[in-house]
Amino acid sequence: MPVTPLLQSPPAVPPAPQLPAHTQAGYPGFHHGVSLLHGWLPQVITFAAVFLLVLAFARFTRRWWLLWVPVCLVFAGAVVWASWSYTDNEGLASDPAPVLLWAAVGLAGAGLAAAVVGIRTGSWWQRVAAILAVPVTLLNVGVVLNQWVGYYPTANAAWAALTAEPLPHQTDLDALASLRDTNVGTGRIVPVDIPESGSHFKHRTEYVYLPPAWFQGDKPPALPVIMMIGGEFNTPQDWVNSGQIMGSVDDFAKSNNGQTPILVFVDSGGSFNNDTECVNGPRGDAADHLTNDVPDYVESTFGASADPAKWGIVGWSMGGTCAVDLTVMHPEKFGTFVDIAGDLGPAAGTKEQTVKRLFGGDEQAWAAFDPVTVMRKHGPYADTVGLFDDLTPPAAQRRMANDPAMRARMQQRQVDESKIGMGGQDGVFDTGEVGAAEELCAQGRQVNVDCTVHTTEGGHTWQFAAAAFTSSFPWMTARLGIPVAGISS
């Protein structure tokens, strides 16, 4: 079967794509199944939570209203305060959480308190309502939280992830030989257990997407590779289950003679809530795993190109930070990155907290993984290219667009590095004028990193991440050496 030849050297960098603006509910490809982001199901869950709480509290005794209702309300307020403090202290969010989330947390706290103090009073149906209110209000918190971050776009996606269903077109590694030199139609996703060759990083199953072009001919072509890194709370399947990008990848491959880079969905954390920020430290040597274990395995197992000009990284949120950091630290391994709404650098709270949590208190180790410091120390780069897709809160964007004085003030505003990562309340003001992307790109340009910043109105959600990836994928493909129709090389 004939194979369309790959370019032997990377093309001249084509113009970076402009990510189109979308509303929160306007991203394509996120409406297969019952939506968890909008529509009737989230509304029914919220209604059920409120209804059960009304029944649980509908007791008409003086002691109940003068003593136990205030106790429940105080407990609910304490739960909200503790949740907000933890989120803020740990730097768990790039954007401030919506008020609706804290209201849902308060309802859950009130429901738990009502179930405890009211279990021996009231009618049987009131006690049952109080008990049922606990799981339903907790479910409501999960739904509102999911609406904020867009982690599970549909009930189907949530069920598939929770039950560990196979990914689309998933194929075992042993089955690849039987597909050699056949028309597979669509690419295949292969679960892999990448050896820890020196990193000693305990990771979960990772996944490799092989495009149709990989199966053509007697042996695999030396295809380029894109490493895909998700957010702070993650699984290696997130780009597929939460981002739902494979439909767009399949469509692009079909229109491009089956040729795309290999995609490697890596594990940057080792567990869902282990925020490594892709560095080496007390939480694991994630950087060594991603820069040594993964490339060595993909090149040896799948015949991928070993040319650093044909290796790139795409990351979302924390993964965006990783994409920049690993690329500027290792230009001998990676030549291109796409940073989708990443931070200024690895962050796990304030700078002081970050140094302690991620680097065991070692300031020099922090500096070794701080991308601004790394770029300044490295000096001119030879062939490193990056694309930043950043976010602007809609209201802030409108105010700045209509207020020249505010634009000027924000352009002069300095980032307070001691507060990076403080739950969206830090000194990084994410607009088209200033922010992490602008800061990093400005520093990169001083050392010959060819970068572009695109700022889009929207929320910090997986839907934005998927739209940004889909928009940049043809550009990234051409940049890594595969001809793309309509993009000059």
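Modeller: The account below begins with the sheet, continues with the helices and loops, and ends with helix packing elsewhere in the chain.

The model is predicted, so local features are given at pLDDT of at least 70 and side-chain atom pairs at pLDDT 80 or more, while totals for chains, interfaces and linings use all residues. Residues are numbered from 1 along each chain as its sequence is written, and side-chain values use heavy atoms, with hydrogens and water left out.

The protein chain contains 17 helices and ten strands; helices (H or I, at least four residues) and strands (E, at least two) are DSSP runs numbered from the N terminus. Of its 489 residues, 53% are buried. Buried stands for under 20% relative accessible area, exposed for over 50%, and partly exposed for values in between, with a 1.4 Å probe and protein chains only. Among contacts in the protein chain with a separation of 6 or more, 76% are between residues 24 or more positions apart; a contact requires heavy atoms within 4.5 Å.

The sheet is open and has eight strands in the order β1-β2-β4-β3-β7-β8-β9-β10, with mixed pairing. Strands are paired if DSSP finds at least two bridges between them. At the edges are β1 (188-192) and β10 (450-457), each of which pairs on one side only. From one strand to the next, the twist averages 15 degrees; angles run from 0 to 180 degrees between N-to-C directions, and axes are lines fitted to C-alpha atoms, for helices over the stretch in contact.

Five of its five residues are buried, so β2 is largely enclosed by the rest of the structure. Glu 206, Val 208 and Leu 210 point one way from β2, whereas Tyr 207 and Tyr 209 point the other way, and all are buried. On one side, β2 pairs with β1 in the antiparallel sense over five bridges, and Pro 191 stands opposite Tyr 207. β2 also pairs with β4 in the antiparallel sense, over three bridges; here Phe 265 in β4 is the bridge partner of Tyr 207.

Further along the sheet, strand β7 (residues 311-316) and strand β8 (residues 336-340) run parallel and are joined by five bridges. Within this pair, Ile 313 is placed opposite Phe 337 in β8.

Two helices lie across the strands. Helix α16 (residues 436-446) lies across β8, β9 (385-392) and β10, at about 165 degrees to β10. Helix α17 (residues 462-479) lies across β3 (225-229), β4 (262-265), β7, β8, β9 and β10, at about 165 degrees to β8.

The loops contain two non-glycine residues with positive phi. Gln 244, with a phi of about 50 degrees, is found in the loop between α7 (238-241) and α8 (246-255); at 23% relative accessibility, Gln 244 counts as partly exposed. Asn 257, with a phi of about 55 degrees, is in the loop between α8 and β4 and is exposed, with a relative accessible area of 54%.

Elsewhere in the chain, helix α4 (residues 124-149) packs against two other helices. The axes of helix α3 (residues 99-117) and α4 come within 8 Å and cross at roughly 165 degrees. That makes α3 roughly antiparallel to α4, a term for angles over 145 degrees, where under 35 counts as roughly parallel, 65 to 115 as roughly perpendicular and the rest as oblique. The crossing of α3 and α4 is left-handed: the near helix is turned anticlockwise from the far one by less than a right angle, whereas clockwise would be right-handed. By class, this contact has 17 nonpolar, three polar and no charged residues; Ala, Val, Leu, Ile, Met, Phe, Trp, Tyr, Cys and Pro count as nonpolar, Asp, Glu, Lys and Arg as charged, and the others, Gly among them, as polar.

The axes of helix α1 (residues 40-57) and α4 come within 7 Å and cross at roughly 150 degrees. This makes α1 roughly antiparallel to α4, and the crossing is left-handed. The contact of α1 with α4 has 16 nonpolar, five polar and no charged residues.
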